Amino acid sequence: MSEHEGHRWTMVIDLDKCTGCQACVVACHAENNVPVVGEDEVRMGRAMHWLRVERYWEGEYPNVRARFIPIMCQQCENAPCEPVCPVFATYHSQVENLNVQVYNRCIGTRYCANNCPYIARTFNWFDYEFPEPLNEQLNPDVTVRRRGIMEKCTFCIQRIHRAEEAADAEGRAIRDGEVQPACAQSCPTEAMVFGDLSDPKSRVSSLVHSRRSFRLLEELGTEPAVIYLKGGQVHVV
Amino acid sequence: MSFELSSEQLVWAEEEDPQEHLLLDPRPPEEMNRMILEAMSRTGPRFWIGVGILGVLILVGLVGAWGYQIVTGMGVAGIRRPVYWGVYIANFVFWIGISHSGTFVSAILRVFKAEFRRPITRASEMMTTFALIVAGMYPLIHLGRTWRFYWMVPYPNQRQLWPNFHSPLVWDMMAIFTYLIGSTLYLYLPLIPDMAMARDRTTGWRYRLYRLLALGWRGTEAEWHHLKTAITIFAFAIIPVMFSVHTIVSWDFGMTMKVGWHSSIFGPYFVTGAIFSGVSAVATVLLVVRKAMKLEYFLRAEHFDSIGKLILVFSFAWTYFFFADYLTEWYGGEAVGKELLTLQARGPVAPLWYIMLVTNILIPWLTLWNRKVRRSFWGLLLVTLGVNVGMYIERYIIVTGFLTRNRLPFDWGVYSPSLVEILISIGSLSTFIFLYAVASRLIPLVPIWEVREGQITHSLRRIGRALVPTVTELE
Amino acid sequence: MTAKVLMALFDRVDPVAEALEKLRQQGIDEHDIAVISGVPYPARVLGRPMVWERLPWIALSGAFVGFLIGLFLNAGTPLLYPIRVGGQPLIPLPPTAVITYEFTMMGLIVSTFLGVLWESTFPSFGPKHYHSEISNGRIGILFRCPEERIHELHELLRAQGAQEVIEPEEWTL
């Protein structure tokens, strides 16, 4: 596994191409065994979406514009959620260079969630059910979490590991575009591009240099690994 | 118009009755011992009914509601995204604040040789220990997986993991544990001579209990010398621990990136607020205990007078820190910071915020300067209860109110406590009162030997036309 | 010539100091006398030799042990099992200061308590007797003397103002 150190997994999201369709949200639920909590709980603010599409309205009727921005865990280099966990349930993995969440270590203090400036973390408030036949589509690569545990977007680390294993088996390096998190895979407009920033020939490396690129809440110094490309005017008629 | 004083306007100094002061009004030691032992053993029907009600509240709140929460999940509480901490953490900070009562009275006043502390040290030190026990329940109550709490304890294990000492929660654990051990031992050490006194005068199970706790105390010079040295070391050692505990608790918030929380003033602000809240709680408890246990001989108007002055001083100090924090945020803070101020002044928590300002600033400033209010039962009781209501509101707004606003407006939220949280809060308050009530029947609430020591060192001296109390330094 | 134990009970502290002086003149050794009281009286008030104090040293060494434990937990455990968090160094100095401080204070407090218990067991001069009147505010001079001198010392102490001179019970813990 140590040949796979040094990757800098990055997600580039082009806000000009994002239509706010939320296919990525559904795909993430399916891939990562994220439970559906029900209407009442969502009204209370307990939705479990690892990835959410935030919508901001601009202007007055009838000249109203909507801006969408999909936000998930930004996989910060200087993650503020990591130092505050008393049991090291979230830490910076040196091999994958990602902010990882260890489910069976978490005791549920929820300190990490309070310290995340992107409010990217969700908590298992109950033991959620996967009623028949949803339990048949659970992803065997991902743990199903019990109550009392924090969770968040992992950049589909199970898919990264699968790609690494496949590459090892064939004795080659990982190709650009081989690792596709569920959200990037399902986006109909290819607004989400995932890749390795340490590879100068990858798509993300060229997209990052765009004049439109920015990072969310950059001034906080968290060094997020998600790069957004500023959108133009997005109209909702 | 003449400015000369006519004879009706001349005022003569009143002759103060020296017997009003406890330390100038000694009684025979047998009588004082008897008074305190009777106060301990008097358990009428009202006591048992009270204890029974408290027991029921504890069962419902802590066993029932908390058990339900453990089995069902944290979702039964009102917390949600983005308000991941709610009433439990507000309660936690509140009880840690109350725990500063005892240490302030028995350590700081002892170090400064304030004689009015003598009859009140034990009653307030008991408050500290029990408040810490209640506060220590909350880090367990608010855990998503309570049954794994022991992973925060540093011990060698096969998981190749130690706790994360970067985390303020681990600092919390260490600080509160140190403070709990410290204040329990500090409660126990000066208790030993009184345990010996009780051992000599009781029979049956009480005799056996006090004989065990007295550790064979006789009162030889060597024993007294070692005890006094130990108490002095403790008094000096526990003051920095007290400051550090609430500072570290405030750093649970101060170390985060949340707007409104990430403030360097939180350390001193919270410590001052804790002493403010704690000393007010001491006054409340002492007023109740004095009436309920008929300790009028020991706890006199002069003690409440001095405590009332202390409360006023700490109201000034708290207001200073509060205003400094408010002004900084108001003047040039982030947009979210201004939004937090609007939230407090006009948002859903606004009524609470104004109540806090009234009970913490307006009422103490208007009343506690007045000697009559400080020396009146209902006056001081209502003012101090109000202070603690206000201080609880302050913690509630800081913990839950500030969490509802953050830098991404799409993720703003609301919070309201659920029935489970309210029941658990009531259960923990009942635990405190229950522990205190039971302990008041087991250990003497007034340190007799310290009061007698004070009475020996106090005497009246005539200087000119006045009789003045004098204190000799016997150290 | 068997040794007997007597206890003289006084109501106030002034005659006690005088009585001690008289006892010393009568040849009773300092090590055979103990002064017991329900309220502390410093040694210079009673005119007794100063008690040697080791407690501050016990407290300091306990604080040092606590310091070492805190240092191990903060600096030792990350070196044993390194886990990187939040861009902070492996051994962060400010949190190390916090934890080490807490453990130092814990060491100081616990060792003071254990030290006072340990120190009180020895050395203790004088016989091991007690009387419950002590906690009623009396001050007792407890001393060992040969049997034949009991009556003489009895009279002496009564003349000094003792309320009672008795033969107390052996003290059992």
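In the predicted model, B:Val279 touches B:Ser101, B:Phe104, B:Ile307, B:Leu310, B:Ile311 and B:Phe314, residues up to four places away in sequence not being counted; two residues are taken to be in contact if their C-beta atoms, placed from the backbone, lie within 7 Å. Because the model is predicted, local features need pLDDT of at least 70 and side-chain atom pairs count only at pLDDT 80 or more, whereas totals for chains, interfaces and linings use all residues. Residues are numbered from 1 along each chain as its sequence is written, and chains are lettered from A and ligands numbered from 1 in the order in which they are written.

B:Val279 belongs, with A:Met192 and B:Val282, to the residues that touch the most other members of the largest nonpolar core, which holds 208 residues. Helix α10 of chain B (residues 266-292) gives the most to this core, namely 15 residues. Apart from it lies another core, of 25 residues, including C:Val35, C:Ile36, C:Tyr130 and C:Phe143. A nonpolar core is here a set of buried Ala, Val, Leu, Ile, Met, Phe, Trp, Tyr and Cys residues joined through C-beta atoms within 7 Å, and a residue is buried if 20 or more other C-beta atoms lie within 10 Å of its own, exposed if 12 or fewer, and partly exposed in between.

Chain C is divided into domain 1 (3-47 + 125-170) and domain 2 (55-121), with bounds that come from an automatic or database domain assignment. The centres of the two domains of chain C, taken over C-alpha atoms, are separated by 46 Å.

An open sheet of four strands in chain C has the order β2-β4-β1-β5 with antiparallel pairing, where strands (E, at least two residues) and helices (H or I, at least four residues) are DSSP runs numbered from the N terminus, and two strands pair if DSSP finds at least two bridges between them. Its edge strands are β2 (33-37) and β5 (164-166) of chain C, each of which pairs on one side only. Strand β1 (residues 3-10) of chain C is joined by eight bridges to the antiparallel strand β4 (residues 139-146) of chain C; within β4(C), C:Cys145 stands opposite C:Lys4, and C:Leu142 is the bridge partner of C:Met7. The antiparallel pairing of β1(C) with β5(C) extends over three bridges, and C:Ala8 stands opposite C:Val165 in β5(C). Six of the eight residues of β1(C) are buried, so this strand is largely enclosed by the rest of the structure.

The contact between chains C and B takes 47 residues from chain C and 49 residues from chain B. On the side of chain C that touches chain B, β2, α2 (43-46), α3 (55-80) and α4 (93-121) of chain C each supply at least two residues, and the largest share, 16 residues, comes from α4(C). By class, this side of chain C has 31 nonpolar, twelve polar and four charged residues, where Ala, Val, Leu, Ile, Met, Phe, Trp, Tyr, Cys and Pro count as nonpolar, Asp, Glu, Lys and Arg as charged, and the others, Gly among them, as polar.

Within helix α4 of chain C is found C:Ser120, which counts as buried because 22 C-beta neighbours lie inside 10 Å. Leaving aside neighbours within four places in sequence, C:Ser120 is in contact with B:Ala222, B:Glu223 and B:His226.
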